[in-house]
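This briefing is meant for a reader meeting the structure for the first time. Please look over the sequence and the model before turning to the notes that follow.

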Amino acid sequence: MVGIMSTCDECGGTAFRTVIDSILKRRYPFVEKSSLKMCENCGAKYVVCTNCGELLTRVHLNLDVWGVRDTCPSCGTKNEDIAEWINRGGG
């Protein structure tokens, strides 16, 4: 269940569904181990926090380290896989 913090950064939408994106999984190692949710309104995809299930950070094909959160804005849990990717400078 998606909670109160789950609002799309792009359009403000609040309806999400679980998706599988093989391209994002191949491109970003932290997506391979994570669940993804997609905004029903605009299609933006997000990695989901493993602790609370809220939206952790948006992911897309032109992602850079400045556009990624490694800490959940809802519960404060840090995703170590994303943190490692950021520390390596991305890609």
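Two strands are taken to pair if DSSP finds at least two bridges between them. In this predicted model, four strands form an open sheet in the order β1-β2-β3-β4, with antiparallel pairing. The edge strands of that sheet are β1 and β4 (55–59), each of which pairs on one side only, and the twist from one strand to the next averages 40 degrees.

**The pairing of β2 and β3**

- Strands β2 and β3 run antiparallel and are joined by three bridges.
- Within this part of the sheet, Leu36 stands opposite Val47, which belongs to β3.

**Salt bridges**

- Side chains of opposite charge can pair when their charged atoms come close.
- The model has seven salt bridges, and one of them is formed by Arg17 and Glu40, whose closest N and O atoms are 3.4 Å apart.
- Because Arg17 lies in strand β1 (residues 16–19) while Glu40 lies in the loop between β2 (36–39) and β3 (45–48), this pair ties together parts that are 23 residues apart in sequence.
- Both partners are partly exposed, since Arg17 has a relative accessible area of 40% and Glu40 has one of 44%.
- Another salt bridge joins Asp21 to Lys45, with the closest N and O atoms 2.4 Å apart.
- This second pair links distant parts of the chain, as Asp21 sits in the loop between β1 and α1 (22–27) and Lys45 sits in strand β3, 24 residues apart.
- Asp21 has a relative accessibility of 12% and therefore counts as buried, the cut-off for that term being under 20%.
- The side chains of Lys78 and Asp70 also meet in a salt bridge, at 4.0 Å from N to O.
- In that pair Lys78 is partly exposed, with a relative accessible area of 43%, whereas Asp70, at 18% relative accessibility, counts as buried.

**The surroundings of Ser6**

- Ser6 lies in the segment before β1, and at 2% relative accessibility this residue counts as buried.
- The side chain of Ser6 is joined to that of Glu54 by a polar contact of 2.6 Å.
- When residues up to four places away in sequence are not counted, Ser6 touches Gly13, Thr14, Phe16, Glu54 and Leu55.

How values were computed
Residues are numbered from 1 along each chain as its sequence is written. This is a predicted model: local features need pLDDT of at least 70, side-chain atom pairs count only at pLDDT 80 or more; totals for chains, interfaces and linings use all residues. Side-chain values use heavy atoms; hydrogens and water are left out. Helices (H or I, at least four residues) and strands (E, at least two) are DSSP runs, numbered from the N terminus. Buried means under 20% relative accessible area, exposed over 50%, partly exposed in between (1.4 Å probe, protein chains only). A polar contact is a pair of N or O atoms within 3.5 Å; within protein, one must be able to donate a hydrogen and the other to accept it, and residues adjacent in sequence count only if both atoms are side-chain atoms. Contact means heavy atoms within 4.5 Å. Axes are lines fitted to C-alpha atoms, for helices over the stretch in contact, and angles run from 0 to 180 degrees between N-to-C directions.
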